[in-house]
Amino acid sequence: MAIVTWTDEFSVGIPKFDEEHKKLVTMINNLHAAMKEGRGKDTMEELLLGLTKYVNTHFSHEETLMAKYNYPNYEKHKKIHDDFKAKVIEYKCLYDKNLLPANQLLTVLRDWLIKHICDTDRDYGPFLEKHM
């Protein structure tokens, strides 16, 4: 069973971003499945490396559109992205030092993603839809 199930509640109204968010949900669910099979530690490095690359790409897509259409909360949103990217790097360092339990990573990623999509990202959806 997945730890995060995609629902319409997560939709930001922009299909490209919804698909990218679904990929992030899949990454979290893959870690959860690996943990249930006793492979959480083995999966964490791959997840952290993949997550680093993927959030950079995804955040860039969002920020590019926000800047293009002068989204009023662009700077605030970008700061949230930058903070999360730094957090992922911090978690990779903790993992490298064997100081990051898989369940802690899973909980942080799940909670951050749900809060970010449902609160922060859903704010830009109607604005960008109107301007695109």
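In which helix is the place of His 21? His 21 sits in helix H1, helices being DSSP runs of H or I with at least four residues, numbered from the N terminus. The model is predicted, so local features need pLDDT of at least 70 and side-chain atom pairs count only at pLDDT 80 or more, while totals for chains, interfaces and linings use all residues. Residues are numbered from 1 along each chain as its sequence is written, and side-chain values use heavy atoms, with hydrogens and water left out.

- His 21 is buried, at a relative accessible area of 1%; buried means under 20%, exposed over 50% and partly exposed in between, with a 1.4 Å probe and protein chains only.
- Beyond its neighbours within four places in sequence, His 21 is in contact with residues including Trp 6, His 58, Glu 62, Asp 121 and Tyr 124, where contact means heavy atoms within 4.5 Å.
- Glu 129 belongs to helix H4 (residues 102–131) and is partly exposed, with a relative accessible area of 44%.
- Glu 129 touches Gly 13 and Ile 14, residues up to four places away in sequence not being counted.
- The C-alpha atoms of Glu 129 and Ile 14 are 7.0 Å apart, although 115 residues separate the two along the chain.

**Helix H2**

- The 29 residues of H2 should span 42 Å at 1.5 Å a residue, and the 40 Å between its end C-alpha atoms agrees with this; the expected span is 1.5 Å times one less than the number of residues.

**Salt bridges**

- There are ten salt bridges, each defined as a side-chain nitrogen of Lys or Arg within 4 Å of a carboxyl oxygen of Asp or Glu.
- Asp 96 pairs with Lys 92, their closest N and O atoms lying 2.6 Å apart; both residues are in helix H3 (residues 74–96), four residues apart, about one turn of the helix.
- Lys 92 counts as buried at 15% relative accessibility.
- Lys 115 and Asp 119 form a salt bridge of 3.1 Å, N to O, and both lie in helix H4, four residues apart.
- Lys 115 is exposed at 53% relative accessibility, whereas Asp 119 is partly exposed at 38%.
- Salt bridges with shared partners join Glu 45, Lys 92 and Asp 96 into one network.
- Asp 111 forms a salt bridge with Arg 110, with the closest N and O atoms 2.9 Å apart; Asp 111 is partly exposed at 40%, and Arg 110 is partly exposed at 23%.

Key
Helix = DSSP H or I, 4+ residues; strand = E, 2+ residues; numbered from the N terminus.
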